[in-house]
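Good morning, colleagues. Please bring up the sequence and the model, and I will take you through selected parts of the fold.

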Amino acid sequence: MHGEYKVPGGKLVVVDLEVEDGLLRDVTVAGDFFLEPDEAILAINEALEGAPSSTDAAGLGARITAALPESTVMLGLTAEGVGVAVRRALARATGWRDYDWQLVHAQPQAPALHMALDEVLTAEVAAGRRPPTLRVWEWAAPAVVIGSFQSLRNEVDPDGVARHGMTVVRRVSGGGAMFVEPMSTITYSLSVPESLVSGLSFADSYAFLDEWVLAALGDMGIKAWYQPLNDIATDAGKIAGAAQKRMVGPDGGPGAVLHHVTMSYDIDADKMLEVLRIGKEKMSDKGTRSAKKRVDPLRRQTGLAREQVIENMIASFRNRYGLTTGEVTAEEMARAQELVRTKFATEGWTARVP
């Protein structure tokens with residue numbers, strides 16, 4: 001069995017192993033990390049040898065930590081990161097390069113249609129009828145997008161929405177509200193097979209699926225990192241937020257993961273505060289006294305046009321994993337438009353949590 005895991009902000013860990021009678025055997029750990037002293041790698045292998053195959057990543061990490069020489073120094077590597085690589089091997093997880101990725105980047109579309117396309121395309125990936133897909137959104141109208149479980153009245157100021165001509169929609173994933181203006185927002189979705197994140201906790205899967213965009217930002221001179229649970233941040237502040245939804249496959253089999261991210265290219269903070277009701281608890285949790293200071297836009301940090309930032313992101317993904325240009329099929333679009341009519345544009349869905 002073979003497993004790979006890139007430690008967030010660190011290096012790649014590769015594990016090869018067998019399982020006999022429920023125990024790990026012939027364990028070999030490798031990677032491009034840095035480790036001193038040399039014999040520490042042998043201690044890691046020996047700590048994993050004979051471990052029950054049911055041991056979780058934290059438990060495997062604890063075995064490793066207990067076995068390491070006192071003088072051990074790890075750079076780009078963590079004991080639990082090795083444990084995650086083991087769990088991915090046991091789950092027979094796939095890697096980014098195991099797939100033929102497809103790019104969907106279409107003309108501007110209505111907010112409710114974007115919600116529907118996320119559901120439809122991810123369901124198609126779960127069913128095996130569509131390859132893993134990177135979809136870059138273009139917005140046809142300003143919007144407030146609330147999380148699946150948020151209260152409409154608690155999150156949105158109806159007077160501000162009406163005054164600024166914004167549409168309110170609810171997405172299928174959890175998380176917080178998004179303030180969207182077409183030329184000030186960069187949004188993308190990843191619809192991926194569940195096997196890509198096999199062996200990862202829900203929290204770890206956020207960091208794993210955000211890794212490519214952190215690298216893309218790095219290519220543009222921005223040092224960014226994943227900030228648990230679902231933010232992307234820099235020294236200057238938050239620049240993006242992510243959300244996920246898991247979908248089961250046909251007959252309850254392996255499914256797919258929807259992972260979408262909204263990035264602030266620019267922002268009208270005064271308008272945002274007139275449209276969103278951002279509570280004191282949220283401000284306290286984020287460690288800041290002002291909502292205006294919570295987000296630091298990409299426009300200021302990169303000095304690039306929005307279109308150039310998107311182009312650079314797509315190029316970065318393509319260079320790392322390959323990417324073929326595709327489109328939403330007629331059948332997929334018809335299903336999405338039907339979902340707009342029956343679900344995403346209805347009061348029943350938008351106000352399902354009043």
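Predicted model: local features only at pLDDT ≥ 70, side-chain atom pairs only at ≥ 80, totals over all residues.

Buried here means under 20% relative accessible area, exposed means over 50%, and partly exposed lies in between, with a 1.4 Å probe and protein chains only. Strands (E, at least two residues) and helices (H or I, at least four) are DSSP runs, numbered from the N terminus. In a regular strand, side chains alternate between the two faces of the sheet.

Residues are numbered from 1 along each chain as its sequence is written, and side-chain values use heavy atoms, with hydrogens and water left out.

What does strand 1 pair with? Strand 1, residues 2-6, pairs in the antiparallel sense with strand 2, residues 12-20, over five bridges; two strands are said to pair if DSSP finds at least two bridges between them. Within this pairing, E4 stands opposite V14 and Y5 stands opposite V13. The hairpin of strand 1 and strand 2 has five residues between the strands, and G9 there takes a positive phi near 75°.

Strand 2 also runs antiparallel to strand 3, residues 23-31, and seven bridges join strand 2 to strand 3. V14, already mentioned opposite E4, stands opposite A30 in strand 3. The hairpin of strand 2 and strand 3 has two residues between the strands, and D21 in the turn has a positive phi of about 55°.

Strand 3 also holds D26, which has a positive phi of about 50° although it is not a glycine. Is D26 buried or exposed? D26 counts as exposed because its relative accessible area is 52%. Not counting residues up to four places away in sequence, D26 touches D16, L17, E18 and E49, contact being heavy atoms within 4.5 Å. D26 and E49 are 23 residues apart in sequence, and their C-alpha atoms are 6.8 Å apart in space.

R92 is another non-glycine residue with a positive phi, of about 55°. R92 lies in the loop between helix 3 (79-90) and strand 6, and is exposed, at 58% relative accessibility.

Two cis peptide bonds deserve attention. One joins E36 and P37, with omega about -5°; P37 is in the loop between strand 4 (34-36) and helix 1 (40-48). Another joins P228 and L229, with omega about 0°, and L229 is in the loop between strand 12 (225-227) and strand 13 (231-234).

I turn next to two buried positions. Q109 sits in the loop between strand 6 (102-105) and helix 4 (111-126), and is buried because its relative accessible area is 8%. Leaving aside neighbours within four places in sequence, the contacts of Q109 include R135, E138, W139 and M333.

L258, in strand 15 (residues 256-264), is buried at 0% relative accessibility. L258 and T122 are 136 residues apart in sequence, yet 6.1 Å apart in space, C-alpha to C-alpha. Beyond neighbours within four places in sequence, L258 is in contact with residues including D118, T122, V172 and S189.

Helix 7 comes next. How far apart are its end C-alpha atoms? They are 27 Å apart, which agrees with the 26 Å that the 18 residues of helix 7 (residues 202-219) should span at 1.5 Å a residue; the expected span is 1.5 Å times one less than the number of residues. Helix 7 bends by about 40° at E211, the bend being the angle between axes fitted to the seven residues ending there and the seven starting there. Buried residues in helix 7 include Y206, F208, E211 and W212. G221 follows helix 7 and has a positive phi near 85°.

Finally, the whole protein. The protein has 13 helices and 16 strands. Its radius of gyration is 22 Å, close to the 20 Å that the globule rule gives for 354 residues, so the protein is as compact as a globular protein of that length. That radius is taken over C-alpha atoms, and the rule is 2.2 Å times the number of residues to the power 0.38. Buried residues make up 52% of the 354 residues.
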